[in-house]
Amino acid sequence: GIVGACQQVEMNYIRVQSQPDPATVRPAPILRLALEAVRKREEQKEPYEVCKDFYMSICQDLRLQQITDEVAVQAREAFACCTIRAGIK
């Protein structure tokens, strides 16, 4: 797997269709900050589509690096809860 090097906290989801560049993937400490940021956006009643985009980006970076720790679980749970609250089935 790769180890991310990107320091940008909030990133829009862009589907990776080739070998990812580590410079465009966030490492675990930055992903923790990204999760906190998207949770704050939810608290501020940002539209579901905006939050979904950030959650998908976080989950993709976790998957690309094969990170399966507590932050990965929290990110996926938070994304699921966000989707349920939005009434998406």
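Me: In which loop does Thr68 lie?
Reply: This is a predicted model, in which local features need pLDDT of at least 70, side-chain atom pairs count only at pLDDT 80 or more, and totals for chains, interfaces and linings use all residues. Residues are numbered from 1 along each chain as its sequence is written, and side-chain values use heavy atoms, with hydrogens and water left out. With helices taken as DSSP runs (H or I, at least four residues) numbered from the N terminus, Thr68 belongs to the loop between helix H2 (48-64) and helix H3 (70-85).

Me: Is Thr68 buried or exposed?
Reply: Buried means under 20% relative accessible area and exposed over 50%, with partly exposed in between (1.4 Å probe, protein chains only). Since the relative accessibility of Thr68 is 71%, this residue counts as exposed.

Me: What distance separates the C-alpha atoms of Thr68 and Val16?
Reply: Along the chain, Thr68 and Val16 are 52 residues apart.

Me: How are H1 and H3 oriented to each other?
Reply: Helix H1 (residues 28-43) packs with H3 at an angle of about 20°, their axes being 10 Å apart, where axes are lines fitted to C-alpha atoms over the stretch in contact and angles run from 0 to 180 degrees between N-to-C directions. Angles under 35 degrees count as roughly parallel and over 145 as roughly antiparallel, while 65 to 115 is roughly perpendicular and the rest oblique. H1 and H3 are therefore roughly parallel.

Me: How is H2 oriented to H3?
Reply: The axes of H2 and H3 lie 10 Å apart, and the two helices pack at an angle of about 155°. That angle makes the orientation of H2 to H3 roughly antiparallel.
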